[in-house]
Amino acid sequence: MSIQFTAFEKAKQGLAGSGVSGPLLSLSAGAIAGITAVACTYPLDTVRARLALQTEGLAQTSYTGVLDALRRIPAEEGPLAFYRGIGATMLGATPYASLKFGTYEMTKAFFCRIRGISESELPGKFRVLAGSLAGIGAMTICYPFDVVRRRMQTGAAYDSAWMALKTIAQDEGIARGLYRGLSLNYPVSYTHLRAHETPEHLVCRLLLEKKNTKHTMKS
């Protein structure tokens, strides 16, 4: 999560310096953040998925831990095995991060306009609401790609991500196949964005609270 948020802030700075602004800035920076996070963490995500199946008795692997899996997977299957299913993940993670961050920033801006305040003055409850709407919306749209990612990471044989989507939808249905387990992911999808309080935001809010306290004491 920290990789994604850091990449988002860096991408925003770079794109803003290139003249990108408005909703396109947040959407583009979010997409870049999603790609960056996936590229950096995908091998570990593959290991986590395999260990989870092994623990549940749904896989024939015998890894003793994370380090053992990191060593044996490339030795037994080749280094590309770490990245099996990354195409589906990119197809899902890129629009997911773009929609999540873009909607979050736009919703916060909307709340600020209707309340006539700056972003640093926006109360926490409105940030939570903005994060909830952004996370739930993005998760709902992109969840099928996450289902495909998990299937391909754990050895399911599909020719491509698109073929996996088509096969799962035909064999298991959209609701029971592509959206199975969606509701369990809703709490996680918006709590991530609540954590997106950068040091700059926190400092601004603390300074504002200090200023208001001094004003109240003088009154």
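A salt bridge is a side-chain nitrogen of Lys or Arg sitting within 4 Å of a carboxyl oxygen of Asp or Glu. The idea behind it is simple: side chains of opposite charge can pair when their charged atoms come close. In this predicted model, the structure holds 14 salt bridges.

Take Arg151 and Glu172 to start with. Their closest N and O atoms are 2.9 Å apart, so the pair meets the 4 Å cut-off and counts as a salt bridge. Arg151 belongs to helix α5 (residues 124–153) and Glu172 to helix α6 (residues 161–172), so this pair ties together parts that are 21 residues apart in sequence. As for accessibility, Arg151 is partly exposed at 22%, and Glu172 is partly exposed too, at 28%.

Next up is the pair made by Arg127 and Glu119, a salt bridge whose closest N and O atoms are 2.7 Å apart. Here Arg127 is buried, with a relative accessibility of 0%, whereas Glu119 is partly exposed at 25%.

Then there's Arg48, which forms a salt bridge with Asp45; the closest N and O atoms of these two are 2.9 Å apart. Both sit in helix α2 (residues 23–55), and because they are three residues apart there, about one helical turn separates them. Arg48 is partly exposed, at 45% relative accessibility. Asp45, on the other hand, has a relative accessible area of 19%, which means it counts as buried, the cut-off being under 20%.

Note on methods. Residues numbered from 1 in each chain as written. Predicted model: local features only at pLDDT ≥ 70, side-chain atom pairs only at ≥ 80, totals over all residues. Heavy atoms only, no water. Helix = DSSP H or I, 4+ residues; strand = E, 2+ residues; numbered from the N terminus. Buried < 20%, exposed > 50% of the residue type's maximum accessible area, 1.4 Å probe, protein only.
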